[in-house]
Structures are given as structure tokens and as C-alpha cells.
Amino acid sequence: MGHNSYSPRVVNRATVAVLALLLAWFVSAASSSPPSSNHVQQASFAVNTAGKQPSPSGGGGSQASFIVGGNDGGKLPPGSAGSGSFGEFIVENVQSYNVNKQIYAAKVKNGTGGKAVDAELSAAEAGAVRYVVSPDGKGKFRTITEAIKAVPEKNKKRVILDIRPGTYKEKVLVPYLKPFITFLGNPKNPPVIMWNDTAATHGKDGSPVGTVGSATVAVESDYFLASGIIFRKGGQAVALRVFGTKAAFYNCTIDGGQDTLYDHSGLHYFKSCVIQGSVDFIFGFGRSLYEDCAIVSVTKQVAVLTAQQRTKSIAGAIESGFSFLRCRVSGAGQIYLGRAWGDSSRVVYSYTDMGKEVVPVGWDGWNIQAPERSGVYYGEYRCSGPGALAHKRIGWSLILNDDQAKPFTGTHFVYGDSWILPPPK
């Protein structure tokens, strides 16, 4: 009847039931949660980071020492953090996706079957020209560098360089003022572009060229495309640096050690590529989609796949991020999915097969003191394989639901409807 009427026997039974539930919960938590702070799964190692500093908020130094794992207290549910953290970033991603979806829907009405290619690109493709590059002298050019020099500045036509099989020992620059250049190789017998610089190589001024200057191939122009090319470099040096926007790569191999692919800046699309390296071998603040790619560690020690530099302190960098869609992660040693070079580093793996080499904690904050509050956004969605241990990930990473993953699981992530085209034949 009244609220003050109760049965002591009922209370006792209820108390016993509650205690039993609590006991069952503690047993389950003890068996499934990450190790406590007294039994931390650690990987302590130092890597050379010359030419690349940690996040602006994290301090400096040429060595980065990892202690990964620890007192994360288990997984946080997506969106559970407070103001200025994961919750807000998740909402922003979903909102941005919904806005872009409306824009694309409007463009479909132009009768191009859903492809609304921008006018400048359409005009360039309509006037495409093709030149053969062959080291045996049977083409118009013997070297790639010669062919690029022949392209006029502010070029408005697609220039396809049909690069015949062979090894091209060149340091190649595609200048900012020469857009619409294509490197076309034969995927069954691809040409190899390679050079010997490292970050420590001295330049013309006597100083080390650093990470940026070490690139075998540097693409600074917009609308670049490569198909069936091997970009190669060993040691701490860049095999490929991409600074221009709206660049696409198909069936390419980007082969190196530390700092293999400098995904520097701009919108980029990598399709069916092989990317090999050791530490931070995909890094920068590009906004890039990697689709159906093989990401391979070549070190028997500790590999870090990504060092994404999304940050509030670099103009435009806050819009950046790496999305891996239907990729394969494999190799030797221990593999970390990424570490935060920027204070708001953003990387998402979706439908990706992860080998047993991927460490259970998955991610590292580098020198970011509070990744869950700084804006670091590391997520996984419906990944598979022995390394896809979602329940063991470090506590501030995310396991995304369907709505949260949508912004990252298609070419819309790089606004691709307006510029992604298949490679020429």
C-alpha cells in the first residue's frame, strides 16, 4: 500500500540477488578487461624520428619511446566522453557526411549517372595526350624527368606518360604548376622508380635534406594519377610524397622502410595498392581513402602503420584523416595501427583483415597526454582476422556503429564523386 510498508524477507532476498549479480559482473570483468595497471601489456621501444616531431602539444626530441597499454580501465562506449572529446567529434563526422550526401544527391541530376566530374577535369580529360617514356630510347623520352620538363606550366590537358618497364634511377618532382599528369605503367611488369637519398643526405646547401627532401617521387601538382608503378626507397626516407590534391593511385607499390609514404596534404585515393614499411610508414595530414590495399610491415621488431597529423595548429589539417576500407594488414614483428603525430590525429579501419601481428591495444597516443580529450579519433568498424581484437583495444579508441562509420566507408570521404576517375588503358 503505502511507500513505508515493506517486508524484511523480501529485502533480504533482493539483497542476495544484487550481490550475486555484482559477483558475476566482477568475475566477467576480470576475465575480459584489459590488464590492470599492475599487469600492463607494454611494448617499450625507441624509433628514430629525425625530421618529424611529435604533436605540437607533445614536446620534441629525435627519439620516441613507447609504453603502450596501461590504466585505460577497459573500453569506453562511443560518445561517452564529455564536451570537447569523442562525443563531439563523432557527431561532427556524421553531420558532415549527411551534408555531403545532400550535395551529391543534387549533382546526380546533371545526367552523368551520379558522377559530377568538375569542369576543369572534364576539359583536361577531353584533350588528353600520350607520350612514351622508355630507357632504351624507343620512346619520346628516356627519363621521367625529361618528360615532366616538357609539360608546359599551367597545363590544361591530361598528359599521360606511358612508362615502359625498367628501373628508373631518378629523383622525380612533379611541380605545383604542372597539373593533370599521369604515370601509366603495366601492372604485370611495372616500372620501378628509385633513388638513394635519405633524411640524412646533405643537400646543395650542405644541410640534411630531411624527411620532405628525401622523397624519390614528390607530387606537388593537382589531379595527378599513377597506375601500375613501383615507388621504391629503403631506410629512413620517403618513397612517395603527395602534396597536391585530387591525386589517385591504382595498383601501385610504395616500398620503403621508415616514412615510406608521406601523405602530406590534399585529397587522395589509393586503390589496390601495396604499401610496405616499418615505422610511421603512412604519415602526414592528407585526407585519404585506402581501398582494397595491402599494408605490410617489413620489420621483425615493432612497426607503426600510421602517424596521422590532423591538428588544430596547421591551417586546413583539421579536415584531414586516413580511412582504410577493405584493406589487409600483415607482416612481421609487432604491428601498431597508428600513433598520434597530431593532437587530433584521425584514422579509421573498416572491413579490414588484421593479421595476428597487430598488438591487442592497437594504438598509441605518442606524446599526447590525454588523447580522449585532445581530439584524437581512432576507430575500427567490422574488422576481421586474428588481430581484430576490439575488446582489448586501448580505452580511448572507438569501435564504431553503422552511423558513425558511414562518413569513412566510401569515396565520399575524399569527395570523390567530382574527381575520381579510372586509370587510362
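# Briefing: parallel strands and buried residues in a predicted model

Strand E17 (residues 274–277) and strand E20 (residues 294–297) pair in the parallel sense over four bridges; two strands count as paired if DSSP finds at least two bridges between them. Helices (H or I, at least four residues) and strands (E, at least two) are DSSP runs, numbered from the N terminus. This is a predicted model, in which local features need pLDDT of at least 70, side-chain atom pairs count only at pLDDT 80 or more, and totals for chains, interfaces and linings use all residues. Residues are numbered from 1 along each chain as its sequence is written, and side-chain values use heavy atoms, with hydrogens and water left out.

**Confidence**
- The protein has a mean pLDDT (the predictor's confidence in each residue, from 0 to 100) of 80, and 72% of its residues reach 70 or more.
- Residues 1–51 have pLDDT below 50, and this stretch has 58 contacts (heavy atoms within 4.5 Å) beyond near neighbours in sequence.
- Over residues 54–86 the pLDDT also stays under 50, and the model has 92 contacts beyond four places in sequence for them.

**The open sheet**
- Eight strands with parallel pairing form an open sheet in the order E5-E8-E11-E14-E17-E20-E23-E27.
- Strand E5 (167–169) and strand E27 (353–354) are the edge strands, each pairing on one side only.
- Between E17 and E20, glycine 277 stands opposite serine 297.

- In strand E19 (residues 287–291), five of the five residues are buried (under 20% relative accessible area, with exposed over 50% and partly exposed in between; 1.4 Å probe, protein chains only), so the strand is largely enclosed by the rest of the structure.
- In a regular strand the side chains alternate between the two faces of the sheet.
- Arg287, Leu289 and Glu291 on one side of E19, and Ser288 and Tyr290 on the other, are all buried.
- Strand E16 (residues 267–271) pairs with E19 in the parallel sense over five bridges, and histidine 268 has serine 288 as its bridge partner.
- Strand E22 (residues 321–325) runs parallel to E19 and is joined to it by five bridges; here arginine 287 stands opposite glycine 321.

**The annotated aspartate**
- An unreviewed UniProt entry gives the annotation "active site" for Asp280; such annotations may be inferred rather than shown by experiment.
- Aspartate 280 lies in strand E18 (residues 279–284) and is buried, at 0% relative accessibility.

**Cysteines**
- The structure holds zero disulfides (pairs of cysteine sulfur atoms within 2.5 Å).
- The sulfur of cysteine 252 is 4.9 Å from the closest cysteine sulfur, in cysteine 273, which is too far for a bond.
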